[in-house]
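Take a look at the chain below. This report starts at a single residue and then widens the view.

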Amino acid sequence: MGYKTTGLLFMSFLAVMASCDEGRLYDDYIPQENGNGLTARLTATVEGTGTWAEGYSLSLAGFAEGNEYALISKAAEPDADGRIDMVLSSIPAEVTSVELCVTDRLRRRTATFLSAPVAGDDTIRITADEMTDVSMYRVIQRDILNTTCTQCHGGSNHAAGGLSLIEGKSYGETVGVPSVKDPDRLRAMPGASGESVLYRILSTDESAGWRYDHSVEIPDSKRLDVIKNWIDSGCPR
């Protein structure tokens with residue numbers, strides 16, 4: 001084999017290797033990310049993202065049915081106007097729904113704001129035409145106070161202990177307000193959940209002597225953590 005032939009073969013080898021490095025050859029053999037190729041696209045405008053305590057993240061995430069831990073997630077980062085336009089790709093085949101949600105450090109679902117089921121092979125589209133409030137206190141009101149507390153505290157014009165926890169009143173009647181049962185302490189003391197009557201009666205049996213033990217109302221530690229972390233982060237609204 002002559003010098004020129006050897007040189008040509010060597011140059012061809014280099015060209016093939018360069019092409020492989022650039023991903024132009026044998027694409028079918030390049031390892032792909034875990035997933036079934038599905039993609040989700042979110043278009044929404046949000047407010048309240050800056051109210052969440054450390055350790056929580058606003059994300060576009062995929063969940064399997066019956067599993068509260070995200071199988072895949074990507075941080076949702078709104079622009080200065082609160083606009084989010086993002087794509088989540090390589091969604092695992094086990095995912096049954098894609099959600100705009102807040103997750104904790106373990107990627108466990110804390111609250112969901114927008115959701116779409118996974119159906120077929122089409123791009124999953126989540127679009128919100130109106131402003132979506134994703135604030136931490138909004139989640140407390142919606143998922144905890146409205147579902148657990150307002151029946152006794154404000155519903156049907158009845159506010160036990162003089163405390164109304166209905167929307168529009170709950171914040172002003174808890175944050176920085178002395179407790180009727182214990183006037184030396186505040187219902188919610190910004191920065192100090194351990195000194196806040198609201199958190200204490202929900203997380204301990206402290207109110208058992210008040211004719212009702214409030215700790216039976218929220219046995220879910222995840223929801224209690226949201227209240228605790230909200231108070232400890234200064235009760236943002």
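**A loop residue to start with**

Leu-106 has a relative accessible area of 58%, so it counts as exposed, the cut-off being over 50%. The model is a predicted one. Leu-106 sits in the loop that links strand 5 (97–103) to strand 6 (109–117). Where does Leu-106 stand relative to Ala-70? Their C-alpha atoms are 8.7 Å apart, although 36 residues separate the two along the chain.

**The whole chain**

Now step back. The chain has 237 residues, and 39% of them count as buried. Five helices and eight strands make up its list of elements. In sequence order the pattern is α-β-β-β-β-β-β-β-β-α-α-α-α.

Among contacts with a separation of 6 or more, 57% join residues 24 or more positions apart. The chain exposes about 13,700 Å². Carbon and sulfur atoms supply 50% of that area.

Glu-68 belongs to another loop, the one between strand 2 (57–63) and strand 3 (72–75). Its relative accessibility is 28%, so Glu-68 counts as partly exposed. Leaving out residues up to four places away in sequence, Glu-68 touches Phe-63, Arg-107, Arg-108, Arg-109 and Lys-222.

Thr-110 is part of strand 6. Is Thr-110 buried or exposed? It is buried, because its relative accessible area of 13% is under 20%. With the residues up to four places away in sequence again left out, Thr-110 touches Trp-52, Tyr-56, Val-102, Thr-103, Asp-104, Lys-222 and Val-226.

| Pair | Separation along the chain | C-alpha distance |
|---|---|---|
| Glu-68 and Thr-110 | 42 residues | 8.5 Å |
| Leu-106 and Ala-70 | 36 residues | 8.7 Å |
| Thr-110 and Asp-143 | 33 residues | 10.0 Å |

Helix 2 (residues 136–149) packs with helix 5 (residues 221–232). Their axes are 11 Å apart, at an angle of about 135°. That angle makes helix 2 oblique to helix 5. The crossing is left-handed.

Which residues of helix 2 and helix 5 make the contact? Helix 2 supplies Met-136, Tyr-137, Ile-140, Asp-143, Ile-144, Thr-147 and Thr-148. Helix 5 supplies Arg-223, Val-226, Ile-227, Asn-229 and Trp-230. Seven of these contact residues are nonpolar, three are polar and two are charged.

Two residues deserve a separate look. Ser-90 is not a glycine, yet its phi is positive, at about 55°. Ser-90 is in strand 4 (residues 83–91). With a relative accessible area of 19%, Ser-90 counts as buried, because the cut-off is under 20%.

Cys-235 also has a positive phi, near 60°, and is a residue other than glycine. Cys-235 lies in the segment after helix 5. At 2% relative accessibility, Cys-235 is buried.

Key
Residues are numbered from 1 along each chain as its sequence is written. This is a predicted model: local features need pLDDT of at least 70, side-chain atom pairs count only at pLDDT 80 or more; totals for chains, interfaces and linings use all residues. Side-chain values use heavy atoms; hydrogens and water are left out. Helices (H or I, at least four residues) and strands (E, at least two) are DSSP runs, numbered from the N terminus. Buried means under 20% relative accessible area, exposed over 50%, partly exposed in between (1.4 Å probe, protein chains only). Contact means heavy atoms within 4.5 Å. Accessible areas come from the Shrake-Rupley method with a 1.4 Å probe; for residues, only the protein chains shown count as cover. Axes are lines fitted to C-alpha atoms, for helices over the stretch in contact, and angles run from 0 to 180 degrees between N-to-C directions. Angles under 35 degrees count as roughly parallel, over 145 as roughly antiparallel, 65 to 115 as roughly perpendicular and the rest as oblique. A crossing is left-handed if the near helix is turned anticlockwise from the far one by less than a right angle, and right-handed if clockwise. Ala, Val, Leu, Ile, Met, Phe, Trp, Tyr, Cys and Pro count as nonpolar, Asp, Glu, Lys and Arg as charged, and the others, Gly among them, as polar.
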